Amino acid sequence: MKVIKQTFYFLVLIILIPIAVNSQNKYNLDFNDFNPEKEKMPTGWFKWGNFENLSGEIISEGNSVGKVVSDKDGKFGCITYRIPANYIGDTIVLSGRMKYENVKGFVGLLMRIDGNSKKSPLAFKSMQNQKIRGTSDWKEYSIKLPFPSNAKTVFVGGILGKKGVAWFDDFKVSIDGKDIQELEETKRITLENYNSNELESALSKSSKKLDFSSEEILRNSLDPLIEKIGVKKIVAIGESTHGTSEFYRLRETITKRLIKEKGFSLVVLENPYDDIEILNKDLDKMPLDSLMRKHLFSIYQTQEIKSFLQWYKDNKTQYNIKFKGCDDSYWVFYELLEDNINPINDKILNKLLQELESNIAKSSIGNLKKEYRVNYSIYNNILEIENYLESTKKITKSIREILFNGKNTYINYLNIKNQKPFQSRDEIMADRISFLAKNSDNKIIVWAHNAHISNEIIIDNEIGIMGRDLKKDFNQDYYSIGLTTLKGSYSYMDEKFINGDHSYKEKLKTESFKPIDSLFWENRLSIINKSFIIDMKDLKNELNTDEIIAPTRLIGYSKESEEDIYYLQLIKNFDSLIFIEETNATKPIFE
């Protein structure tokens, strides 16, 4: 998200010419419903930002516009309108006319889509990055966003930054090419207003009981799922918290079966890529506990992860399997690259490596502008190494993969330099998994949070983009399995920013889940059984809809809070969902 993130309310300029116009439309997007004797702004319009001088202005009889005037103390002003998101569609477009004078910063249209959650907006778009400046007569502009299925409110506006004056008129909002003024509103389907008996019946018909009473019984209850996902290219197994023991045990069981029975050969964890590459290199040389302490995020330093890694260590040769990471790491990239390039023993290559090492040493210098410049140089160093290896035909498959991940780690410094959109962590993780899938015959299992593997975006430019991109790229060959729970305990850590440094030594703590009300997905699921798998396609067919929206919990690395409640159309988010009514916290290796 860019700098425009919060809503501000300020006083407005009084317009002196009185006239009232009654609009025939639902929404006053043409600004014409405006009576300056009664209101300071056209009906329905309000202010964001810290400019004082926002108003309506009558430019001819029956024709009013929105106006934003900069002031010397403010950073921006946005004349804004709120629209309920009670519509169904895939794409939303805001168009409008704009006139401006002596603009020094930027001017443009803005659109923000909010959900029910207190988290960031679901989607956001501003013309700020286009840096439109100077003076221009009336012209039409437009911006476009995906329309989230869990949207609650759409905000549209005209924004001005720094010096200048801007006028806005004739705003139009379209969903899938249809004018919102002519669209009928569609009431959101919620657990509160959906027939509970019909939902319970549909859940029962589309679910299979999971029985944990023994390994053999659990195996039998997983058979239908294994057969269904065994033909996929990428199977993503999620978790509604990073600190739930049963989730890891179930993941391990499913993963082993896919490897042994269905030919899967690669497991990708939501952890720094290069850390896990070095863990692999030292797997037979160092104790597993030490490797986990050094190369895994603290939240993964548990007996449950150790159980899988021990199995992986003992069986990787027999089943020809690999274990990789898909997250960023700035800490051991050079060490990994040097280990793989040194055997080539090329003078020019060694010099390029020295330049890269020098820039990496200067990358954290406290000065933001210099840091951007140095990290942009690091990206170019990586590119130069790759180009040289390609030109001399000395590049190997493993080096190409390392360089790809290095470029991805530093890609946003290139984007900043070229004034391109910032790539989110989710987008970068999706690129890495896609690279692994497209450049080999591997069938891949992904271990990541529900919020990342989701088939649809949950929060704009933050979470859900990874799964959305993989579903788009691989279609039916990508299969997402969400895991969720109602009650019990979970482990967490106080440090929320997991890759802020390379000291993965945060202490894991244990906490009980907070009680949730009956309108949460998890409470409704608990009525059916204690543990089961839902096939979301079957559930959609039984209900004849996938539009039901309700809250669910998605807890990250830190302690549960109100910000961990998300309103989702859960049937759309996953291909299957595994529910376990009561679960327990993971067991840390290090106390």
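1. Ground rules first. This is a predicted model, where local features need pLDDT of at least 70 and side-chain atom pairs count only at pLDDT 80 or more, while totals for chains, interfaces and linings use all residues. Residues are numbered from 1 along each chain as its sequence is written, and side-chain values use heavy atoms, with hydrogens and water left out.

2. Buried here means under 20% relative accessible area, exposed means over 50%, and partly exposed is in between (1.4 Å probe, protein chains only).

3. A reminder for reading that list: an α-helix has 3.6 residues a turn, so residues three or four places apart point the same way. As for length, the end C-alpha atoms of α9 are 35 Å apart, which agrees with the 34 Å that its 24 residues should span at 1.5 Å a residue. The expected span is 1.5 Å times one less than the number of residues. Just after α9, K393 has a positive phi of about 55 degrees.

4. Helix α3 (residues 245–262) has 18 residues and reaches 25 Å from first C-alpha to last, close to the expected 26 Å. Of those 18 residues, 13 are buried, so α3 is largely enclosed by the rest of the structure. Just after it comes G263, with a positive phi of about 80 degrees.

5. Have a look at I226 too, which sits in helix α2 (residues 215–229). It is buried, at a relative accessible area of 0%. Leaving out neighbours within four places in sequence, I226 touches I254, R257, L258, E261 and K262. By contrast, the C-alpha of Y376, 150 residues away along the chain, is 45 Å from that of I226.

6. Strand β19 (residues 531–535) has five of its five residues buried, so it is largely enclosed by the rest of the structure. Both faces are covered, with S531, I533 and D535 on one side and F532 and I534 on the other. Strands count as paired if DSSP finds at least two bridges between them. β19 pairs with β12 (residues 207–209) in the antiparallel sense over three bridges, and S207 has I534 as its bridge partner. Five bridges join β19 to β22 (residues 576–583), again antiparallel, with I533 opposite I578.

7. Strand β1 (residues 45–49) is mostly covered, with five of its five residues buried. Five bridges tie it to β4 (residues 76–84), and the two run antiparallel. W45 stands opposite Y81 in that pairing.

8. Two loop residues have positive phi without being glycine. K131 has a phi of about 50 degrees, lies in the loop between β7 and β8, and counts as partly exposed at 41% relative accessibility. N475 has a phi near 50 degrees, lies in the loop between α13 and β17 (478–492), and is partly exposed at 45%.

9. How many cavities does a search of the whole structure find? There are four of 30 Å³ or more. On a 1 Å grid over the protein atoms alone, a cavity is a set of points where a 1.4 Å probe fits but cannot get out, a pocket is an open set with protein on both sides within 12 Å along at least five of seven lines, and lining residues have an atom within 4 Å of a point. Grid points are joined across faces, edges and corners, and a volume is the space filled by probe spheres set on the points. The largest cavity has a volume of about 40 Å³, and its lining includes N116, N150, I458 and Y566.

10. Finally, the second largest pocket holds about 1,200 Å³. Its lining has 41 residues, with L145, P146, I457, D460 and R468 nearest the centre. β7 (123–126), β8 (134–146) and α13 (465–474) each supply at least two lining residues.

Conventions:
Helix = DSSP H or I, 4+ residues; strand = E, 2+ residues; numbered from the N terminus. Contact = heavy atoms within 4.5 Å.
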